Structures are given as C-alpha cells and as structure tokens.
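Hello,

Here is the structure for you to look at. My notes follow below it.

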Amino acid sequence: MDHAAAGLIYYLQFKVSMSNVTEEQKKQMKFMGLLSPVMIVMFSLNAPSALPLYWTVGGMFLIIQTLLARRSMRKKKIQSGLRTKFNILMPGKCSFPGFLI
C-alpha cells in the first residue's frame, strides 16, 4: 500500500508543479514526470517500508508547499496590480489601507 501511495503522491506533485509552466515545457518534462513515480514504486518494492512512507509524507509536504507558495504569489500580484491602479489614479496620495507606497 505504501508503495503505490508514494508513486501516486509524486505523480500528483508533478501535476501540481506543472500547472504553471508553458505547453512547450510540459511536453519536455512529461516523460520524467511519468517515469519518476514509476521508479519510486519499483524502488520501494525492495526497500524497507520506512522509505515509501518517507516519500509519501515528503511528497504531501511538497504539494502543500507548492499550493501555498502559488497562493501567496497570486495575492502579491493582485496587491501589486491594485497599488499600480491606485497610483495612476492619485499619484503620491496613497492612503489606501494596507498599502505602503
């Protein structure tokens, strides 16, 4: 069970990390993204059960970290866009709460 879970988690991690790249990069990395989970499953069949467990937990942390970083970057882009729009409307008079310009 741990063997398949580790492979599945790393496949999901690959999909999550690929959602922000261009189509050309996706084509180039597709093979490695599919090969890596298969290799993890194959290696974990002959390894002690702690290794697939480590890969599973590590993969889950990578997925969470990627999603949190993406959300943080999206918020910064939105705030930056608002800051730019506000400065165009009223240059030098930024009293909009939460923005230090």
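First, a definition for the surface notes: patches are made of residues with over 30% relative accessible area and no salt bridge, with like charges joined within 9 Å and nonpolar side chains (Val, Leu, Ile, Met, Phe, Trp, Tyr) within 5 Å. A salt bridge is a side-chain nitrogen of Lys or Arg within 4 Å of a carboxyl oxygen of Asp or Glu. Accessible areas are Shrake-Rupley values with a 1.4 Å probe, and for residues only the protein chains shown count as cover.

This is a predicted model: local features need pLDDT of at least 70, side-chain atom pairs count only at pLDDT 80 or more, and totals for chains, interfaces and linings use all residues. Numbering starts from 1 along each chain as its sequence is written, and side-chain values use heavy atoms, without hydrogens and water.

The fold: three helices, zero strands. Helices here are DSSP runs (H or I, at least four residues), strands likewise (E, at least two), numbered from the N terminus.

The patch: Leu53, Val57, Met60 and Phe61 form a nonpolar one, with about 370 Å² of accessible area together. Leu53 sits in helix α3 (residues 50-89). Leu53 is partly exposed, at 45% relative accessible area; buried means under 20%, exposed over 50%, partly exposed in between (1.4 Å probe, protein chains only).

Gln13 belongs to helix α1 (residues 2-18). Gln13 counts as buried because its relative accessibility is 17%. Beyond neighbours within four places in sequence, Gln13 contacts (heavy atoms within 4.5 Å) Gly59, Leu62 and Ile63. Gln13 and Gly59 are 46 residues apart in sequence, yet 6.5 Å apart C-alpha to C-alpha.

Best regards
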